[in-house]
2 protein chains.
Amino acid sequence: MSFALELATRINRLADGPLPEEAFQIVKGSLLDTLGVALAGAHEPAARIPARVLDIGSQSGPCVIYGSQERASALDAALINGAAAHALDFDDCSTTMGGHPSVPVLPALIALGEEIEADGASLLRAYIAGIETETRLARGLLPCHYEKGWHPTATLGVFGAAAACGRMLRLDDEALARALAIAVSLSSGVKANFGTAAKPLHAGLAARNGLYAARLAKSGFSASADAFEQVQGFFNLFNGEGLYDADAMLADWGGTLETLEPGIAIKQHPCCGSAHSAIDAALKLRQAHGPFALADIAAIETETHVRRLAHTNRTEIKNGLDAKFSVQYLTCRALADGQIRLAHFENGAYAEAAILDLMSRCTARAHSNDDQYLGTVVVTLRNGRVLTEQASTPFGRGPDNPMSRGELTEKFLDCSSRALERDKAEALAESIWRMEQTKNIRDVTTMLASGPLQ
Amino acid sequence: MSFALELATRINRLADGPLPEEAFQIVKGSLLDTLGVALAGAHEPAARIPARVLDIGSQSGPCVIYGSQERASALDAALINGAAAHALDFDDCSTTMGGHPSVPVLPALIALGEEIEADGASLLRAYIAGIETETRLARGLLPCHYEKGWHPTATLGVFGAAAACGRMLRLDDEALARALAIAVSLSSGVKANFGTAAKPLHAGLAARNGLYAARLAKSGFSASADAFEQVQGFFNLFNGEGLYDADAMLADWGGTLETLEPGIAIKQHPCCGSAHSAIDAALKLRQAHGPFALADIAAIETETHVRRLAHTNRTEIKNGLDAKFSVQYLTCRALADGQIRLAHFENGAYAEAAILDLMSRCTARAHSNDDQYLGTVVVTLRNGRVLTEQASTPFGRGPDNPMSRGELTEKFLDCSSRALERDKAEALAESIWRMEQTKNIRDVTTMLASGPLQ
């Protein structure tokens with residue numbers, strides 16, 4: 001049996017079988033979170049430019065472009081909403097995947113669901129199957145795949161989208177295997193374009209391409225059964241001979257779901273995840289000992305894992321995107337404001353005099369601990385007091401330290417305030433927490449449509 | 001200066017500068033040829049399924065879907081017409097590229113040209129620049145790129161399309177460089193899906209993605225300046241460290257055009273190019289000594305280059321696609337019919353009793369000559385006569401052995417007869433031979449619209 005068919009049978013078996021109630025609760029949270037960050041990102045250039053050059057203004061379709069009055073075909077909506085949901089890099093993460101599990105899957109699945117008027121329970125099941133597909137592939141491809149330079153959110157996310165959409169289209173094992181084999185031809189996206197608008201676009205394209213592959217397969221389009229494992233197939237081409245483990249991808253389907261363990265990590269702060277533990281330590285410190293006047297601070301020292309410090313050690317900040325990757329800026333912001341908000345990366349907030357002054361007293365070091373989630377902040381006050389706090393397993397980033405339903409809703413309301421009025425956003429959140437009872441997901445998605453508030 | 005910017009400056013300088021009259025004559029021929037094979041392929045499943053699942057029926061746009069009454073947006077038209085033009089694998093080739101130079105470029109360029117109502121001369125200039133871009137990249141990436149398993153028509157063609165469309169959109173050097181860097185994120189397509197409908201789809205996607213990259217760049221979308229050469233950039237990721245030669249890609253712009261040397265190879269026969277020299281030898285033999293009754297033939301021996309025999313040595317044929325790759329079938333067909341036509345791969349023609357009987361007396365061998373274009377056919381008649389013919393540099397495949405304007409038009413009329421009435425097709429061919437005088441290419445492309453004849 002070909003790899004694609006092995007995978008397809010497992011996807012279908014998983015999605016048809018009993019799924020733990022806890023999984024539905026968790027994915028409702030990540031669905032809410034994805035929609036929130038998509039609404040927050042809907043008017044970013046990384047989403048608006050791809051929409052404008054698709055000419056959707058002159059077309060129509062059944063699918064809502066989040067945070068706008070426009071509607072489009074399912075393929076175009078998947079692309080635009082996918083780019084919007086990743087535009088701020090505030091969407092959920094998977095340690096296994098080395099990337100973002102929901103953003104390549106959900107925008108495609110929701111668009112398809114709107115088109116065929118799917119019910120909410122089917123959507124949640126297909127979503128769980130999609131996350132499982134992309135993360136199981138990652139188990140046998142990472143770290144090599146990532147270290148080479150592929151962007152797994154895109155290169156593996158396309159298979160998550162194909163699997164989820166294929167499920168929602170009720171493809172049988174053979175057709176679902178073809179959808180995955182077609183997706184091999186559509187897998188693209190390089191880390192070389194990180195730090196530019198192309199990164200969010202990757203997520204949108206993966207969503208669109210996964211949906212397209214599923215539709216092609218449903219219509220009988222052909223692809224090679226052995227597109228993954230043949231000598232010039234996906235595994236050898238994207239990773240290299242001997243640099244992947246297909247057994248690891250196929251093992252243990254029906255065991256613990258990735259959705260539950262290691263889980264879907266919800267970002268608490270709209271910035272690079274590698275600085276989150278330092279931020280959390282700073283917030284704890286402020287809560288325990290502060291607030292204090294910034295002028296009272298003589299020195300700030302942060303320690304994070306050496307691999308995480310590598311790309312977050314930035315003392316001179318050139319723009320808002322740069323600020324998202326500066327552990328110094330982020331630690332100082334957390335101490336100063338008691339929170340990290342989107343506004344801290346906009347309108348030149350990174351260049352505020354008080355923050356620059358504080359940063360001049362801040363040093364960042366690597367710790368030698370094995371725990372890559374560990375962050376430490378030491379604040380020395382001018383009166384000689386030394387305050388220390390540590391944080392690990394950042395808040396919201398897994399089953400050990402989850403965000404509550406209320407906290408998830410709070411983040412959603414903050415994010416969606418850029419595009420939706422508060423009462424509309426609250427009604428939308430409520431309907432998402434009841435998603436499994438929804439008969440037609442259009443009843444929910446229609447609430448995502450809006451004229452821009454800003 | 002980044003590689004993308006180096007490349008962009010050369011593309012713009014080339015397209016703005018004087019171009020030899022001969023280049024315009026040649027690309028009018030390959031333009032005619034591409035449109036002909038696209039009309040012939042327009043109703044193949046490899047083109048119709050991708051169109052159907054794009055939902056173009058419910059949309060509209062300025063661009064003709066060749067051989068139909070439908071119109072679509074430029075992006076959708078590029079995809080559909082690109083897939084159609086490659087559906088029969090009868091479109092033009094480039095030795096340098098290890099693939100098909102026109103099919104990723106022209107469908108995008110024509111669609112964009114229709115949208116902005118470009119003139120014919122601009123289109124031809126942009127087309128020449130697009131071919132130059134993808135083949136120059138190939139100079140520094142092949143053979144490794146191909147041997148690994150990438151499909152250069154798609155993975156490099158996307159840059160040809162981005163360059164051509166970027167030129168037509170009058171991008172300056174910086175914006176054109178960004179278009180190329182964005183295209184890095186869209187480059188995909190694997191040989192593992194050869195032999196399936198995904199192969200033609202690759203060409204259509206490269207066309208669409210190249211146009212999309214050019215449009216994004218024009219609207220100010222960002223990408224990394226060093227997306228090609230950085231440590232995890234295109235070169236290292238797709239080829240590998242030390243397995244490419246960037247200097248070879250940048251050298252000699254303004255020297256001999258690829259369009260002229262080695263030239264654009266026009267396929268004379270609608271089948272695998274590796275069998276073309278054997279077919280040509282068989283046709284010569286039939287013309288010189290025949291026709292003869294098939295029953296008079298005691299034995300047929302063909303010799304082709306060992307590397308070409310590898311994928312064309314097929315004695316048992318399972319379907320029409322398989323027949324396109326059987327040097328035995330093709331040699332026997334050429335001897336029996338005096339030509340190779342599309343009909344020889346359809347409706348079970350490969351299983352005709354007379355041909356199977358002839359094939360039972362046919363053997364295929366590899367020759368030990370260095371000339372990979374050399375083909376030999378030896379026919380032994382029952383009366384003891386031994387007839388031998390050889391062919392090299394297959395007819396139509398380069399400047400040494402070109403097809404005449406009349407022969408190109410004849411192939412076009414044969415191909416287009418599947419979708420256009422004869423008088424319409426003749427008028428279209430005439431207008432293409434006058435392409436540089438066209439004020440608005442819509443006047444030409446409107447002739448590509450048609451209800452299906454079959």
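This is a predicted model: local features need pLDDT of at least 70, side-chain atom pairs count only at pLDDT 80 or more; totals for chains, interfaces and linings use all residues.
Biologist: Okay. And is Asn347(B) buried or exposed?

Modeller: Asn347(B) has a relative accessible area of 81%, so it goes down as exposed. The backbone there deserves a look too: phi of Asn347(B) is positive, about 50°, even though the residue is not a glycine.

Biologist: Which residue of chain A has a positive phi near 60° without being a glycine?

Modeller: That's Arg170(A), with phi near 60°. Arg170(A) is in the loop that links α9 (157-168) to α10 (173-184) in chain A.

Biologist: Why does Arg170(A) count as exposed?

Modeller: Because its relative accessibility is 57%, and the cut-off for exposed is over 50%.

Biologist: Let's zoom out to chain A. How many helices and strands does it have?

Modeller: Chain A has 22 helices and six strands. Its C-alpha atoms fill a box of roughly 75 × 50 × 40 Å along the principal axes.

Biologist: What radius of gyration would a compact globule of 454 residues have, and what does chain A have?

Modeller: A compact globule with 454 residues would come out near 22 Å, and chain A has 22 Å, so the two agree.

Biologist: How much of chain A is buried?

Modeller: Buried residues are 65% of the 454 in chain A. As for contacts in chain A with a separation of 6 or more, 77% of them are between residues 24 or more positions apart.

Biologist: New topic: cis peptide bonds. Which residues does a cis bond with omega of about 5° join in chain A?

Modeller: One of them joins Leu142(A) and Pro143(A), with omega at about 5°. Pro143(A) is in the loop between α6 (120-141) and α7 (144-148) of chain A. There's also a cis bond from Glu261(A) to Pro262(A), again with omega near 5°.

Biologist: And where is Pro262(A) found?

Modeller: Pro262(A) is in helix α14 of chain A, which covers residues 259-263.

Biologist: Can we do some side chains? What does the side chain of Ser30(A) make a polar contact with?

Modeller: The side chain of Tyr127(A), at 2.7 Å. A polar atom of the Ser30(A) side chain also lies 3.3 Å from the backbone oxygen of Val27(A). Ser30(A) itself is in helix α2 of chain A, residues 21-41.

Biologist: Is Ser30(A) buried or exposed?

Modeller: Ser30(A) has 1% relative accessibility, so it counts as buried. Leaving out residues up to four places away in sequence, Ser30(A) touches Asp92(A), Ser102(A), Leu106(A), Tyr127(A), Ile264(A) and Ile266(A).

Biologist: And Thr9(A)? What lies 2.7 Å from a polar atom of its side chain?

Modeller: The backbone oxygen of Glu6(A) does. Thr9(A) belongs to helix α1 of chain A, residues 3-16. Thr9(A) counts as buried because its relative accessibility is 15%, where the limit is under 20%. Not counting residues up to four places away in sequence, Thr9(A) touches Met1(A) and Asp173(A).

Biologist: Back to chain B. How do α1(B) and α6(B) pack, at what angle and how far apart?

Modeller: Helix α1 (residues 3-16) and helix α6 (residues 120-141) of chain B pack at about 145°, with their axes 9 Å apart. The crossing of α1(B) past α6(B) is right-handed.

Biologist: Which residues make that contact?

Modeller: From α1(B) you get Phe3(B), Leu7(B), Ile11(B), Leu14(B), Ala15(B) and Asp16(B). The α6(B) side brings Arg125(B), Ala129(B), Glu132(B), Thr133(B) and Leu137(B). By type, the residues of the contact are seven nonpolar, one polar and three charged.

Biologist: Last one: Pro101(B). What does it touch?

Modeller: Setting aside residues up to four places away in sequence, Pro101(B) touches Asp92(B), Cys93(B), Ser94(B), Ile131(B), Glu134(B) and Ile264(B). Pro101(B) is in the loop between α4 (74-86) and α5 (106-116) of chain B. With 1% relative accessibility, Pro101(B) counts as buried.

Biologist: How far is Pro101(B) from Leu285(B) in space?

Modeller: They are 32 Å apart, C-alpha to C-alpha, and 184 residues apart in sequence.

How values were computed. Residues are numbered from 1 along each chain as its sequence is written. Chains are lettered from A and ligands numbered from 1 in the order in which they are written. Side-chain values use heavy atoms; hydrogens and water are left out. Axes are lines fitted to C-alpha atoms, for helices over the stretch in contact, and angles run from 0 to 180 degrees between N-to-C directions. Helices (H or I, at least four residues) and strands (E, at least two) are DSSP runs, numbered from the N terminus. A crossing is left-handed if the near helix is turned anticlockwise from the far one by less than a right angle, and right-handed if clockwise. Contact means heavy atoms within 4.5 Å. Ala, Val, Leu, Ile, Met, Phe, Trp, Tyr, Cys and Pro count as nonpolar, Asp, Glu, Lys and Arg as charged, and the others, Gly among them, as polar. Buried means under 20% relative accessible area, exposed over 50%, partly exposed in between (1.4 Å probe, protein chains only). A polar contact is a pair of N or O atoms within 3.5 Å; within protein, one must be able to donate a hydrogen and the other to accept it, and residues adjacent in sequence count only if both atoms are side-chain atoms. The radius of gyration is taken over C-alpha atoms; the globule rule is 2.2 Å times the number of residues to the power 0.38.
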